[in-house]
Amino acid sequence: MAPSIRLSPAARSLFDEPLAIAVQGLGPRQQVTLRTSLRDETGQLFQASAHYQAGDDGELDLARCPALPGGSFSGLEPMGLLWALQPQKPFWRLVKRDVQSPFLLQLEVFEGHGERPGRLLAQAQHERAFLRDGVRRVPVREGRIRATLFLPPGEDTFPGIIDIHGLGGGLSEHRASLLANHGFATLALAYYQFEDLPQKPNKLHLEYFEEAVNYMLQHPQVKGPGVGLLGFSKGGEVSLAMAAFLKNIMAVASLNSPAAVTLIPLSYKDKTIPILTFYEHRAKATNSKILDYSDVLDDPFQAPGTQSLIPLEKAEAQFLFVVGQDDHIIKSEYYATEVCKLLQAQGKENFQILSYPGTGHCIDPPFFPLYPIGSHPAFHKLAVLGGELRAYSKAQVHAWSQIQAFFKKYL
């Protein structure tokens, strides 16, 4: 019997879902190298490989067989060949622009554990999709809002979430589309550098975000009486400000975000919150000449930074702070801890913190590759984002399930 790869699900799975990988038809205790490859929408290649030894029966099931030292990872890691994917071009990030088409994953089995791949024994292809059958993608151009709404299958009403990304502009749909597969009506909201939105805003107006909240609450398939917000980095900062100033925000999950206004001032009606002062000269160069920006901002919990602090004590929402302990862009663990102390001092208990070791600034849904070094969205220089491969892969899976549980509970 010739070797073959067995996958479950066989042909197609959602990007945030586990994939069971096994090889059958090998020789007893045969040594092989497994390799996965994926090309992004620009053609850039991501790869991972691992060394294995088949069982006495010639079977190799990644759920039961540990990877041997020498590949991208070792140990019992059934999903290692996915979470260990790394770009062949340095400092490149895996991004999904068109969520209506899947990523194509290639799997190959080679003979032996050599530096160079041995003879090709088996290969397979698998689609990693972003939309479950029946999920609808609806472009939204209502009033000033520029967004995409993802609706789960069926005619029911669903808990509504607005997903707000960090600096960098544009419209990012990958997280919202995956959330819709799990039963949430999710609005991926752009707020600058997209279509007719401002290219370089000198102020963010919360009225724009309020319009998005009202759009969701008026939608016949969004279950009221309020909405949830999922914000990453600058988007988390905006989400916290929305909870402090706007009505009908029930739950906010903030991923590695500041507790104060940074880089672009925020205004609502006649109130403007100024930005924290930053000192670019405080960036430290690592031995590889990459910059560490973790100390460039004033401390918002000490004067004069306090005027930039978001007044979260005004908020009625529940808060989930998801923080990476190795975040080198924002001191997100410190911010979350201090904010929760302030809320506690006001007699509030509407918060929880999930803190992950070995996790940097970028917290994506499960199985997105680690992105530890990349271009700083404000300073446009190579920056340490932080994170360590295995710890991050575990954090992604855990945080993603906790975020969903949080929204199910409070929406």
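Axes here are lines fitted to C-alpha atoms, for helices over the stretch in contact, and angles run from 0 to 180 degrees between N-to-C directions. Helices (H or I, at least four residues) and strands (E, at least two) are DSSP runs numbered from the N terminus. You are looking at a predicted model, in which local features need pLDDT of at least 70 and side-chain atom pairs count only at pLDDT 80 or more, while totals for chains, interfaces and linings use all residues. Residues are numbered from 1 along each chain as its sequence is written, and side-chain values use heavy atoms, with hydrogens and water left out.

**Stop one: two helices**

Select helix H3 (residues 206-218) and helix H4 (residues 234-245): their axes come within 11 Å and cross at roughly 80°. H3 and H4 are therefore roughly perpendicular to each other (the class for 65 to 115 degrees; under 35 is roughly parallel, over 145 roughly antiparallel, and the rest oblique). Now show side chains: Leu 206, Phe 209 and Val 213 of H3 meet Val 238, Ala 241, Met 242 and Phe 245 of H4, where contact means heavy atoms within 4.5 Å. This contact has 7 nonpolar residues, no polar and no charged ones. Nonpolar covers Ala, Val, Leu, Ile, Met, Phe, Trp, Tyr, Cys and Pro; Asp, Glu, Lys and Arg are charged, and the others, Gly among them, are polar.

**Stop two: the sheet beside them**

Next, pick out the open sheet of 3 strands, ordered E14-E17-E18 with mixed pairing; strands pair if DSSP finds at least two bridges between them. Its edges are strand E14 (204-205) and strand E18 (271-273), each pairing on one side only. E14 and strand E17 (residues 266-268) run in the parallel sense over 2 bridges, and Leu 204 stands opposite Leu 266 in E17. H3 packs on this sheet, touching E14 and E17, with its direction at about 65° to that of E17. H4 packs there as well, touching E14, E17 and E18, at about 25° to E17.

A cavity is a set of points, on a 1 Å grid over the protein atoms alone, where a 1.4 Å probe fits but cannot get out; lining residues have an atom within 4 Å of a point. Which helix gives the largest share of the lining of the largest cavity? Select helix H6 (residues 389-410), which supplies 4 residues. The space is about 50 Å³, a volume being what probe spheres set on the points fill, with points joined across faces, edges and corners. Among its lining residues are Arg 175, Asp 364 and Trp 400; by class, the lining has 7 nonpolar, 1 polar and 2 charged residues.

Key:
On a 1 Å grid over the protein atoms alone, a cavity is a set of points where a 1.4 Å probe fits but cannot get out, and a pocket is an open set with protein on both sides within 12 Å along at least five of seven lines; lining residues have an atom within 4 Å of a point.
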